[in-house]
Amino acid sequence: MLEQTTVTTSPPDRLRVLLITEDDPIYVREFFDVFLPRFDRSRIEVVAVVVSRAFHEPLIRTARRVIRFFGPLDFLRLLPRYIFAKVLRHDIGSIARRHGLTVLRPDSVNSPAFLTEVGDMKLDMIVSVAAPEIFKSALLSVPSVGCLNIHSGELPAYRGMMPTFWQMLEGRDHVTITIHEMVPKLDAGGIISAITFPLLTCDSLDRVIRGTKRAGAEKMLDVISSIADTRRMPEVHPLDMSKARLFKFPQPADVSRFRGRGHRMI
């Protein structure tokens, strides 16, 4: 009589992911409000959340940038939201810690010290969500599968900063949210997935940024879940860089033209 044995199989290793973002408790936080409660912990392990300074600059310089961009009145409307998010601990770092995740705040994600730290994490993927630094080749080469970025603009036509603003300024009827592979050149990696977010004729930048962050989080959940199944980067669609444009941070004259189209900032 053959002895019966029970064969047990251990669950497959989870996809090890590092999230890199900036300290924006108003807009970028919307992505994490959706993503962190919903990623499948049985298949995905968020090793840590890196929260860098907004725009990778001192807070006072960011405040001046925001005042110049939104104008004094809209800045005063935003300020209570920022203060309440910090006081009530509804910023990205606090949300991550409430979900039991490690929060890191390196001076630079390209520094030798940080590269050594992430090299010990045995990462499968790095995901950039409004990360304020360009990732250099040394960082891009760390994860075994690759690096993803989510960009609220059609690529390569809206590379660079504040793509939502520029699409609205140019009269588009939608904003494109693009998930693409990261390469050393900014916003130049092949596209993995893209969705659209409809715009109103007279819209609010505030509404659109918050909406695209949440919609982008939903799509990123789908993409990462698929990668967790295959353990490889999905098929990418190369960009036609002959159509590429690179935008900088908007100036007051750009904001005046934006308002002239009937759009609002807040």
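Predicted model: local features only at pLDDT ≥ 70, side-chain atom pairs only at ≥ 80, totals over all residues.
Residues are numbered from 1 along each chain as its sequence is written, and side-chain values use heavy atoms, with hydrogens and water left out. The chain holds 9 helices and 9 strands; helices (H or I, at least four residues) and strands (E, at least two) are DSSP runs, numbered from the N terminus.

**Overall build**

- The radius of gyration is 20 Å, close to the 18 Å that the globule rule gives for 266 residues, so the chain is as compact as a globular protein of that length. That radius is taken over C-alpha atoms, and the rule is 2.2 Å times the number of residues to the power 0.38.
- The C-alpha trace spans about 85 × 45 × 35 Å along its principal axes.
- Of the 266 residues, 51% count as buried (buried means under 20% relative accessible area, exposed over 50%, partly exposed in between, with a 1.4 Å probe and protein chains only).
- Take contacts (heavy atoms within 4.5 Å) between residues at least 6 apart in sequence: 75% of them join residues at least 24 apart.

**The sheet**

- An open sheet is built from 7 strands in the order β3-β2-β1-β4-β5-β7-β8, with mixed pairing; two strands pair if DSSP finds at least two bridges between them.
- β3 (103-104) and β8 (191-198) are the edge strands, each with a single partner, so one side of each has no neighbour in the sheet.
- β4 (residues 125-129) and β5 (residues 146-151) run parallel, paired over 5 bridges, and Val-127 sits opposite Leu-148 in β5.
- β5 and β7 run antiparallel and are joined by 4 bridges, with Asn-149 opposite His-180 in β7.
- β7 and β8 are also an antiparallel pair, over 7 bridges; here Val-175 stands opposite Phe-197 in β8.
- β7 is mostly covered, as 6 of its 8 residues are buried.

**A helix across the sheet**

- Helix α8 (residues 205-230) lies across β1, β2, β4, β5, β7 (174-181) and β8, at about 150 degrees to β8. Axes are lines fitted to C-alpha atoms, for helices over the stretch in contact, and angles run from 0 to 180 degrees between N-to-C directions.

**The cores**

- The largest nonpolar core has 60 residues, and Phe-35 and Leu-148 have the most contacts inside it. Such a core is a set of buried Ala, Val, Leu, Ile, Met, Phe, Trp, Tyr and Cys residues joined through side-chain atoms within 4.5 Å.
- α8 gives the most to this core, with 10 residues.
- Leaving aside residues up to four places away in sequence, Leu-148 touches residues including Ile-126, Ile-179, Ile-192, Met-220 and Val-223.
- A second, separate core of 18 residues includes Leu-18, Val-47, Leu-139 and Leu-140.

**Met-161, out in a loop**

- Met-161 sits in the loop between β6 (159-160) and α7 (163-169), and is partly exposed, with a relative accessible area of 33%.
- Not counting residues up to four places away in sequence, Met-161 touches Phe-55, Arg-65, Trp-166, Phe-247, Lys-248 and Phe-249.
- Met-161 and Pro-132 are 29 residues apart in sequence and 9.9 Å apart in space, C-alpha to C-alpha.
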